Amino acid sequence: MSNSQARPPRLSTVVADQIQKELFDDHLQPGDRLPTEAELSERYQVSRSVVREAGRILDQRGLVDIRPGRGMIVAPPDGSRIVEQYEIILGMNRASFAQLMETRLVIEVEIARLAAARRSGELVEAMRATIERAAAHPDDYTVCMDEDVRFHELMSQASGNPFFAFFIDPVNTCLRNSYTEVRGYLAAQPATLAEHREILDAIERGDADGARAAARNHLTRVVEQQATLVPKETD
């Protein structure tokens, strides 16, 4: 056999793939319980140790939560694995904070446009509430950051496309984890809130072009002021 020939997958990986396929085929939802370890061992004719390893693989994929005494539970997709990958890329200097910000800018301006076209009154009011809470606590970094991130999460939901949320929410979480210059962030709060209001007003009016322009203005300003948000990057 040639050394270049691909090695067959491990048995635990094969079982994990089979469980994943059944999960999809059976339309299981977050919170649903999978069969027990003993049942899966019998179903796939493998040892329980192979089933346990398959479970760990599914957990790493973000498909299940493994809970003592309850077995495997279908997990809600939350993008946490994507955040980990973004942070690894940044930590290994494979990409810069500025490049992550650039990615966010390109995508979120279109999210804002779609949010204006597909808005719902409930999400508009929820976005407004984030602005009001942040404005009421201008010196509280945690509150301001929570509401800032929440505003952008709600805007991605308002776009009506769940893929936007799964892509951009991890970006925003990663950016949040990178913001370590508290004073610089709080100093920019008046501008941030004013820009959020402009974006929201356009979304509420159904002004897609206006929402896109307001989002571009906001995110361009953040990119230009990144030095006040994160430590200076070193080579």
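The paragraphs below describe a predicted model, taking up a hairpin, a pocket and an aromatic pair in turn.

Val64 of the pairing has Val74 in β2 as its bridge partner. Between the two strands of this hairpin there are three residues, and Gly69 adopts a positive phi near 85°.

The largest pocket holds about 440 Å³ of space. Its lining comprises 20 residues, of which Gly62, Leu63, Ala75, Pro77 and Phe166 are the closest to the centre of the pocket. Helices α1 (11–25), α4 (80–91) and α8 (162–178) each contribute at least two residues to this lining. By residue class, the lining of the largest pocket consists of 12 nonpolar, five polar and three charged residues.

A search for aromatic pairs across the whole structure returns one. The pair is formed by Tyr141 and Tyr185, whose ring centres are 5.4 Å apart and whose planes meet at 80°, so the arrangement is edge-to-face, given that angles over 60 degrees fall in that class. Because Tyr141 belongs to helix α7 (residues 141–158) and Tyr185 to helix α9 (residues 182–187), the pair ties together parts that lie 44 residues apart in sequence. Tyr185 has a relative accessibility of 3% and therefore counts as buried, the cut-off for that class being under 20%.

Terms used: Residues numbered from 1 in each chain as written. Predicted model: local features only at pLDDT ≥ 70, side-chain atom pairs only at ≥ 80, totals over all residues. Heavy atoms only, no water. Phe/Tyr/Trp six-rings, centres within 6.5 Å; stacked < 30°, edge-to-face > 60°. Helix = DSSP H or I, 4+ residues; strand = E, 2+ residues; numbered from the N terminus. Buried < 20%, exposed > 50% of the residue type's maximum accessible area, 1.4 Å probe, protein only. 1 Å grid on protein atoms, 1.4 Å probe; cavity = no way out; pocket = protein on both sides within 12 Å on 5 of 7 lines; lining within 4 Å. Points joined across faces, edges and corners; volume = space filled by probe spheres on them. Nonpolar A, V, L, I, M, F, W, Y, C, P; charged D, E, K, R; others polar. Pairing = 2+ DSSP bridges.
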